[in-house]
Amino acid sequence: MEREEQLMLLRRDPGETYRRVDFDARVKGASSLQLVALCLEQAAGSLGRAIYAQEHGDNAAKSAALTRAVAAITALELGVDSTNPVGAPLLQLYQAARRSILDNALRFDAPQLETIRTDLLDIREAMLGTAN
């Protein structure tokens with residue numbers, strides 16, 4: 001990230017700047033497994049932030065969080081190996097999650113987002129558990 005871009009982010013939202021710097025640092029040198037875990041974590045965290053923002057009436061933060069969740073889910077979709085036996089079911093899950101998240105931009109359903117969030121965290125935990 002260029003210095004000018006970093007300064008612009010800092011002026012907008014220090015919390016977002018911190019998340020961005022943390023994310024960039026974690027991506028550098030990460031294995032493919034670590035990148036998938038990071039995307040799952042980012043999607044789940046963003047859904048949690050969207051739910052929190054909705055509860056506190058912060059529509060801008062809710063929208064930003066839903067956008068980040070969709071971006072993370074899209075990255076996960078793009079990384080699926082369709083030749084792997086679990087590839088097709090994962091694609092189906094990610095596509096359904098993305099559609100649901102996009103639907104929540106118009107009709108917010110916190111329990112639905114919490115279910116998706118929990119599913120993503122369960123997948124991450126299972127994936128990291130089998131990797132060790």
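Tutor: Let us begin with S100, which is buried because its relative accessible area is 17% (buried means under 20%, exposed over 50% and partly exposed in between, with a 1.4 Å probe and protein chains only). The model is a predicted one, in which local features need pLDDT of at least 70 and side-chain atom pairs count only at pLDDT 80 or more, while totals for chains, interfaces and linings use all residues. Residues are numbered from 1 along each chain as its sequence is written, and side-chain values use heavy atoms, with hydrogens and water left out.

S100 belongs to helix α5 (a helix is a DSSP run of H or I with at least four residues, a strand a run of E with at least two, both numbered from the N terminus). Apart from neighbours within four places in sequence, S100 is in contact with Q112 and I116, contact meaning heavy atoms within 4.5 Å.

The helix around S100 can now be described. The 18 residues of α5 should span 26 Å at 1.5 Å a residue, and its end C-alpha atoms are 26 Å apart, which agrees; the expected span is 1.5 Å times one less than the number of residues. Buried in α5 are G87, Y94, A97, S100, I101 and N104. They lie on the same side of α5, because they cover an arc of only 160° around the axis, the arc being that of the directions from the helix axis to the C-beta atoms. An α-helix has 3.6 residues a turn, so residues three or four places apart point the same way. On the face turned away from the buried side, α5 carries the exposed residues A88 and Q92.

Helix α4 shows a one-sided arrangement too. It runs over residues 59-78, and its 20 residues reach 28 Å from first C-alpha to last, close to the 28 Å expected. Its buried residues include L66, A69 and I73. Within α4 the buried residues fall in an arc of 165°, so they line one face of the helix. The opposite face, turned away from the buried side, bears the exposed A60, T67 and L78.

I73 touches Y94, A97 and I101, among others, not counting residues up to four places away in sequence. L66 is buried, with a relative accessible area of 5%, and its contacts include I101 and N104. Although L66 and N104 are 38 residues apart along the chain, their C-alpha atoms are separated by 8.2 Å.

Finally, the chain as a whole has six helices and zero strands, and 26% of its 132 residues count as buried. The mean pLDDT, the predictor's confidence in each residue from 0 to 100, is 86 for the chain. Confidence is highest in α5, at a mean of 96, and lowest in α2 (residues 14-27), at 57.
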